[in-house]
Amino acid sequence: MPDPRKPIGVGIVGLSATGGWAAGAHLPALRAVDGIELRALAASSEASAQAAGAAYGVPAYTSVEQLASDENVDLVVVAVKVPQHRELVLPVLKAGVPVLSEWPLAVDLREAEEMERAAGTTRTFVGLQGRSSPTFRWLADLVSEGFVGEVLSATVVASSTEWGTPVSPNMVYTLDRKLGATMLTIAFGHAIDLVSMVVGELQEVVALAYPERTACSFHVRLCASWMAELRPRPVVGKCR
């Protein structure tokens, strides 16, 4: 068991010397929080591992197995594209090392359930960071304590970038649903997770899509109502 007085050592898969999500999001967060620090990283090739190791001043490996076996690593963070999550998460779980996987967790439900079974009693985390937001924690407390009364429905109005026209070259892969990183799994996934946290799990969905060809764009409108899990019958809202 790790010494609670020592900082948590983090090993990141996907931390590149040339930037990317891990460098732009995870690394600044690690530097800003006391009690947790970068200890190692893993990259897909010897060259990229050496470059990243030199850039961040930590040991660099070419396999997730090596990273998980580093005695200074208490938590492995998987911050690469979704199709690689399963092949990286499973070895870490086999080694019994806690792991945080970026969201979306998997390309489909089958892979997600496989990783859930493999986790066993090992502590695991998924990058649905909205649940750590003080604002949404406060809202969840207000609802659970009955401050707003009985919640019958909730409406979410949101917008997102990257899934319209134009799409930047490095984001084209998000248009292929087989790769698991689409508007539905990322933008909607993060939004619906927060709604579920505040007012209860999703019970029924009504979705309408309106193709609008102006400027070669495609707009999707989703509408749903949520009921607390203890409600015997969900109330379904209507899109207006």
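Predicted model: local features only at pLDDT ≥ 70, side-chain atom pairs only at ≥ 80, totals over all residues.

Author: Residues are numbered from 1 along each chain as its sequence is written, and side-chain values use heavy atoms, with hydrogens and water left out.

Reader: Why is α4 called roughly parallel to α5?

Author: Helix α4 (residues 85-94) and helix α5 (residues 109-119) pack at an angle of about 10 degrees, with axes 9 Å apart. Angles under 35 degrees count as roughly parallel, over 145 as roughly antiparallel, 65 to 115 as roughly perpendicular and the rest as oblique; therefore α4 is roughly parallel to α5.

Reader: Which residues of α4 and α5 make the contact?

Author: Contact means heavy atoms within 4.5 Å. His-85, Arg-86, Val-89, Leu-90 and Leu-93 of α4 meet Glu-111, Glu-114, Met-115, Ala-118 and Ala-119 of α5.

Reader: What makes β3 and β6 edge strands?

Author: Two strands pair if DSSP finds at least two bridges between them. The open sheet has the order β3-β2-β1-β4-β5-β6, with parallel pairing, and β3 (60-61) and β6 (124-126) each pair on one side only.

Reader: Where does Lys-81 lie relative to Tyr-173?

Author: Lys-81 lies over the face of Tyr-173, at 4.1 Å from the ring centre. The term requires NZ of Lys or CZ of Arg within 6 Å of the ring centre and within 35 degrees of the ring normal.

Technical notes
Axes fitted to C-alpha atoms, helices over the stretch in contact; angles between N-to-C directions. Helix = DSSP H or I, 4+ residues; strand = E, 2+ residues; numbered from the N terminus.
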